[in-house]
Amino acid sequence: MKKEFLLLVSGIFMYSSYAQVSKNTTSLSQIWAGYFNQSRVSKKLGFWLDVQVRTKDNMVDSLVTLVFRPGVTYYFTDNTRLTAGYAYMNHFAADH
């Protein structure tokens, strides 16, 4: 009985893995580039900058997302800091 059950389960897995081969897939290329900077200019003051660009398809003409986040950092201690800033995010609509 155990042999027949294992044979049945093996057959089901082989059939389902064979069915996966016939799927149509689409491949798209993307580039995500980012620049992150945290600079301390005095004992208590610093700056934060985060810029990200995401593109698709031919990598240059098709912008997907733009992120720009500058900020000013106040250092309470070396391990405790507070950053206040602005966040700009733009998601470009897809061409239909």
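Modeller: Helices (H or I, at least four residues) and strands (E, at least two) are DSSP runs, numbered from the N terminus. This is a predicted model, in which local features need pLDDT of at least 70 and side-chain atom pairs count only at pLDDT 80 or more, while totals for chains, interfaces and linings use all residues. Residues are numbered from 1 along each chain as its sequence is written, and side-chain values use heavy atoms, with hydrogens and water left out.

Biologist: In what order do the elements of the protein run from the N terminus on?

Modeller: The secondary structure comes to 1 helix and 5 strands. Read from the N terminus on, the order of these elements is α-β-β-β-β-β.

Biologist: How many bridges join strand 2 to strand 3?

Modeller: Two strands pair if DSSP finds at least two bridges between them. Strand 1 (residues 30-40) and strand 2 (residues 45-56) run antiparallel and are joined by 11 bridges, and the two form a hairpin with 4 residues between them. Strand 2 also runs antiparallel to strand 3 (residues 62-75), and the number of bridges joining these two is 12.

Biologist: Is T65 buried or exposed, and with which side chain does the side chain of T65 make a polar contact?

Modeller: T65 has its place in strand 3, and because its relative accessible area is 13%, T65 counts as buried (under 20% is buried, over 50% exposed and in between partly exposed, with a 1.4 Å probe and protein chains only). Leaving aside neighbours within four places in sequence, T65 is in contact (heavy atoms within 4.5 Å) with Q52, V53, R54, N90, H91 and F92. A polar contact is a pair of N or O atoms within 3.5 Å; within protein, one must be able to donate a hydrogen and the other to accept it, and residues adjacent in sequence count only if both atoms are side-chain atoms. The polar contact of T65, at 3.2 Å between the side chains, is with H91.

Biologist: How far apart in space are K56 and I31, C-alpha to C-alpha?

Modeller: K56 is found in strand 2, and with a relative accessible area of 25% this lysine is partly exposed. K56 and I31 are 25 residues apart in sequence, whereas their C-alpha to C-alpha distance in space is 6.5 Å.

Biologist: What is the angle between the planes of Y74 and F76?

Modeller: Rings of Phe, Tyr and Trp (its six-membered ring) pair if their centres lie within 6.5 Å; planes under 30 degrees apart count as stacked, over 60 as edge-to-face and the rest as tilted. A search of the whole structure finds 1 aromatic pair. Y74 and F76 form this edge-to-face pair, with 4.9 Å centre to centre and an angle between the planes of 80°.

Biologist: Which ring does R54 lie over?

Modeller: A charge sits over a ring if NZ of Lys or CZ of Arg is within 6 Å of the ring centre and within 35 degrees of the ring normal. R40 lies over the face of Y75, at 3.9 Å from the ring centre. For R54, at 4.1 Å from the ring centre, the ring is that of W32.
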